[in-house]
Amino acid sequence: MNTGSGSGFRADMLAAPPGPVAAAYIASTKPFSFIMGPVGSGKTTASVAKMFNIARLQPQSIVDGARKARVCIVRTTYRGLWESLMPSYHKILPQNFGVWKGGRGDPADHWLNFRDPQFGKLHLHVMFRAIQDNSIEDFVRGLEVNAWWLNETDLLPTGCLGDFAQRTDRGFLEERPKDPATGKPVKAFSPIFGDYNAPEEDNWLIARKEERRDCDDFFEQPSGFHPDAENAQNLPEGFYREKAAGMEKWQVARFIEAKIGFSRNGEPVYTCYDPQTHDLGEARADAKLPIVVGVDGGARAAARVTQIDRNEDIVWYDELFTEATQVTDPRNFGKRVAEFLAAHYPHHVDQNNIVFVVDPANMNDGKQQSGPWPTDGGFSWGEVFHMGTGTMGRLVGAMTNDPEIRQGQVRHCLKTFDNGHPRIRITKRCIVARSGLAGKYKLAKQRNAAGEDVYRPVKSHPYSDVQDAGQYATLHFTGVSIDESRESGFSGARNRRGPKRKSAIILPFAA
């Protein structure tokens, strides 16, 4: 294999441990070892180095004399795998180094060959797999590996370690020498290891740590603000100060200070809302500029009337919603919205200068069936709503209904200031929206389909409905390129930098 400069292999990133805690994690030969630390602390680099050490500790193949290891890197979803881990991994081991197979959003494999001065030929097969909707038991079935790298370990389901442990020490069995006493293949070094940011106190990984099992090694790196912060030599000056300035308090606690136990249960979705800063009083929309009406469909539909004004601010002018004790259908809600716009936005109605932005799910429901609304078979909720308005303006589906992305857009705009103004401003008429921002639109801990603990807003009518409508309208102005809410954005995957250094090292540091 070519290990020259043209391959892009970053041996310099593996030339020395990120710090003493990372070095101890790399060198650990316990069956289970895990490292917790801030973003940018070198956890991924250390885990890559640990894979090489696992290869070093394998028995020599009876076929070609190489020491061979198959390591499977696991995440709950392919989205998390490709967005969070891959950018960091490829900074060290690019796709053009060795043999790569796999595309974005799918399983992938990386085959690598090295020559170690002490251990001779090494072969490392790295597998990238996501659990998706499978149970852990179904996921591990049929996978024959030497070791598991559980990336973002705390996000995996409770009890997963037992299932993973059943499928270790199976890689390259047919090439191992036989034990003279038993006639069976000799045992190989087959650990389970992982990296993670500080989880909440009730996370299963913390409970495991407190059991202090002899088979476990847990390593905790210092806070990013600590004088002994690891990997600091490879980060820009002021890295953590700059990151903290754009984070919420809970993000600073978890992703920089590496504090265990911080819970977001019952926290407002938008802690950055400040009435004195964001409230606009009795402003009216500019009659010469288009208005965008965000619409959240369903039995308790809601709408938000918005506009980008001449200062480039996104202004939330008015809101309509269905009371928690009531239900509505799309045609009648469309009529209600049309009547409201005719009364308060007559010029926009006359000029047909209106865009309705609807939850994309409401643009598709009913198209493949007789229709959810008996008299409107074959039409989606959004289409029936548009009929109810008299088909005024233009109807479009929002860019996404991913809650993390749309909440992230609003959060980003609330925190962004242009010319002394926040990007989002709200009139006093948006009473429910302002109450939601002030704390009635709250988070609750839930378990998603992938088995991850996630925080999602509590469905509290009408606060959540009005916020959803506003998020769809905001997406229409901002797009989906900035995602302030995703934890993967603070995982360190996009933040590692280091000076380019010349290195003659063929392999990373040994255990």
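Modeller: Of the 511 residues in the chain, 56% count as buried; keep in mind that this is a predicted model. The chain exposes about 21800 Å², and carbon and sulfur atoms supply 49% of that area. It is built with 15 helices and 19 strands. Among contacts between residues at least 6 apart in sequence, 70% join residues at least 24 apart.

Now for the close look. Find helix α14, residues 431–440, and then helix α15, residues 463–478. Their axes lie 9 Å apart, and the two helices pack at an angle of about 105°. Angles of 65 to 115 degrees count as roughly perpendicular, so that is how α14 and α15 are placed relative to each other.

Which residues of α14 and α15 meet? From α14 come Val432, Ala433, Ser435, Gly436, Leu437 and Lys440. On the α15 side, their partners are Tyr463, Val466 and Gln467. Sorted by class, this contact of α14 with α15 has five nonpolar, three polar and one charged residues.

Arg56 is found in helix α2, which covers residues 43–56. Is Arg56 buried or exposed? Its relative accessibility is 3%, and buried means under 20%, so Arg56 counts as buried. The side chain of Arg56 also makes a polar contact with the side chain of Asn53, at 2.4 Å.

How values were computed: Residues are numbered from 1 along each chain as its sequence is written. This is a predicted model: local features need pLDDT of at least 70, side-chain atom pairs count only at pLDDT 80 or more; totals for chains, interfaces and linings use all residues. Side-chain values use heavy atoms; hydrogens and water are left out. Axes are lines fitted to C-alpha atoms, for helices over the stretch in contact, and angles run from 0 to 180 degrees between N-to-C directions. Helices (H or I, at least four residues) and strands (E, at least two) are DSSP runs, numbered from the N terminus. Angles under 35 degrees count as roughly parallel, over 145 as roughly antiparallel, 65 to 115 as roughly perpendicular and the rest as oblique. Contact means heavy atoms within 4.5 Å. Ala, Val, Leu, Ile, Met, Phe, Trp, Tyr, Cys and Pro count as nonpolar, Asp, Glu, Lys and Arg as charged, and the others, Gly among them, as polar. Buried means under 20% relative accessible area, exposed over 50%, partly exposed in between (1.4 Å probe, protein chains only). Accessible areas come from the Shrake-Rupley method with a 1.4 Å probe; for residues, only the protein chains shown count as cover. A polar contact is a pair of N or O atoms within 3.5 Å; within protein, one must be able to donate a hydrogen and the other to accept it, and residues adjacent in sequence count only if both atoms are side-chain atoms.
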